[in-house]
Amino acid sequence: MTIYLDAVWMLNFLIDLMLLMLVKLLARDSVNMLRLLFGALIASFIVPITIFYPESFINGASGKLLYSVLIIFSAFGWKGTYQTLKLCLLFYFVSFAIGGGLTAIHFMLSSPVSMTANGMITFNKGFGDPISWLFIFIGFPIIWYFTKRRMDEHAGEQIKYDQMCEVSLTLNQKIRQTTGYIDSGNQLIDPLTKRPVIICDRTFLSEWFTENEWFQLENAKNNLEMDEIPKRWQDKIQIIPYQGVDGGSSMMIGIRPERVIVNYNDQQLLATNVIIGIQFGNLVRDNSYHCLLHPQIMKQSIIHSA
């Protein structure tokens, strides 16, 4: 039997890379792509080790467990015993989930039983039945996407709405904190960039503006005169069209912040791909909160380590 080592190695590398990317998304880690590529490269070395050294310690159960720790360390770095163990278990979970999904689809589409001439039922295929490369190339991304989508939906189901939490906003290198409210009714997304919109009110946002700048912004919004936007804010301002509850179309002035940190469930969630929508009045009379948080932030933000 001829084994094309380079092809098998490349396929294994791509699969390992996608698995590590899924682990990153589910763990909401901020590791960069280069680390994931390095981790996938280390993981793919199992191919030549298995072929050339079949009796190696690595091919045993304990060896594979240690090797998985090396893979996670290579991709994510050392984050403490608990977090590294958590990432390892997540790596095994996504591997089993996707592998099990591929196997289930394969055996669902195949016909493992057949009738003989004398009416006996026999198994003509079994667990050793090879899965074609074409099936892997097509099936793996589909199962990968399905797993990610389902885990995102599960995370959304776990969000505790109507909950107050501390919010830290960085804008023009100036950091301020306030209280935010997780609002299930806030589904506003900028149609151009697809970024979720967080709505902050005058009491909170006015800390970044002079009285004259705030007056100019309000005039720009009311009179639809974008030329009135203060010059030092023009590169951060974005116009957000939206449809109100009465069905009418309107627009909101938004600002692109450097980052937003939300303290949620004893974790700090870091969001950089968001827009701050300006509310020129107060959100509530009692000033109990000054920020309406978009639920999508709780699902897509990464965990921030101070």
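Visitor: Why is Cys-200 called buried?

Guide: In this predicted model, Cys-200 has a relative accessibility of 2%. Buried means under 20%, so Cys-200 counts as buried.

Visitor: What makes Cys-88 count as buried?

Guide: The same cut-off of under 20% applies. Cys-88 has 6% relative accessibility, and therefore it counts as buried.

Visitor: How many disulfides does the structure hold?

Guide: The structure holds zero disulfides. Cys-200 is in none, and the nearest cysteine sulfur, that of Cys-291, is 3.6 Å away.

Visitor: What makes Arg-176 and Glu-207 a salt bridge?

Guide: Their side chains meet at 2.9 Å, N to O. A salt bridge needs such a nitrogen and a carboxyl oxygen within 4 Å, so the pair qualifies. Arg-176 belongs to strand S4 (residues 174-182), while Glu-207 sits in the loop between helix H7 (202-205) and helix H8 (211-223), so the pair ties together parts 31 residues apart in sequence.

Visitor: Why are Arg-176 and Glu-207 called partly exposed?

Guide: Partly exposed lies between the buried limit, under 20%, and the exposed limit, over 50%. Arg-176 stands at 30% relative accessibility, and Glu-207 has a relative accessible area of 33%, so each is partly exposed.

Visitor: How do you know that Arg-232 forms a salt bridge with Glu-213?

Guide: The closest N and O atoms of Arg-232 and Glu-213 are 2.5 Å apart, and the cut-off is within 4 Å. Arg-232 lies in the loop between H8 and strand S6 (237-243) and Glu-213 in helix H8, so this pair ties together parts that are 19 residues apart in sequence. Arg-232 is partly exposed because its relative accessibility is 45%, whereas Glu-213, at 9%, counts as buried.

Visitor: What ties the loop of Glu-258 to the loop of Lys-236?

Guide: Glu-258 forms a salt bridge with Lys-236, with the closest N and O atoms 2.9 Å apart. Glu-258 lies in the loop between strand S7 (249-255) and strand S8 (259-264), and Lys-236 in the loop between H8 and S6, so parts 22 residues apart in sequence are tied together. Glu-258 is partly exposed at 24% relative accessibility, while Lys-236 is buried, with a relative accessible area of 15%. A search of the whole structure finds four salt bridges.

Visitor: How do you know that the span of helix H4 agrees with its number of residues?

Guide: Helix H4 (residues 61-76) has 16 residues, and at 1.5 Å a residue it should span 22 Å; its end C-alpha atoms are 23 Å apart, which agrees. The buried residues of H4 include Gly-63, Tyr-67 and Phe-76. Just after H4, Gly-77 takes a positive phi of about 80°.

Visitor: How many helices and strands are there in the protein?

Guide: The protein has nine helices and 12 strands. Of its 306 residues, 40% count as buried.

Notes:
Residues are numbered from 1 along each chain as its sequence is written. This is a predicted model: local features need pLDDT of at least 70, side-chain atom pairs count only at pLDDT 80 or more; totals for chains, interfaces and linings use all residues. Side-chain values use heavy atoms; hydrogens and water are left out. Helices (H or I, at least four residues) and strands (E, at least two) are DSSP runs, numbered from the N terminus. The expected span of a helix is 1.5 Å times one less than its number of residues. Buried means under 20% relative accessible area, exposed over 50%, partly exposed in between (1.4 Å probe, protein chains only). A disulfide is a pair of cysteine sulfur atoms within 2.5 Å.
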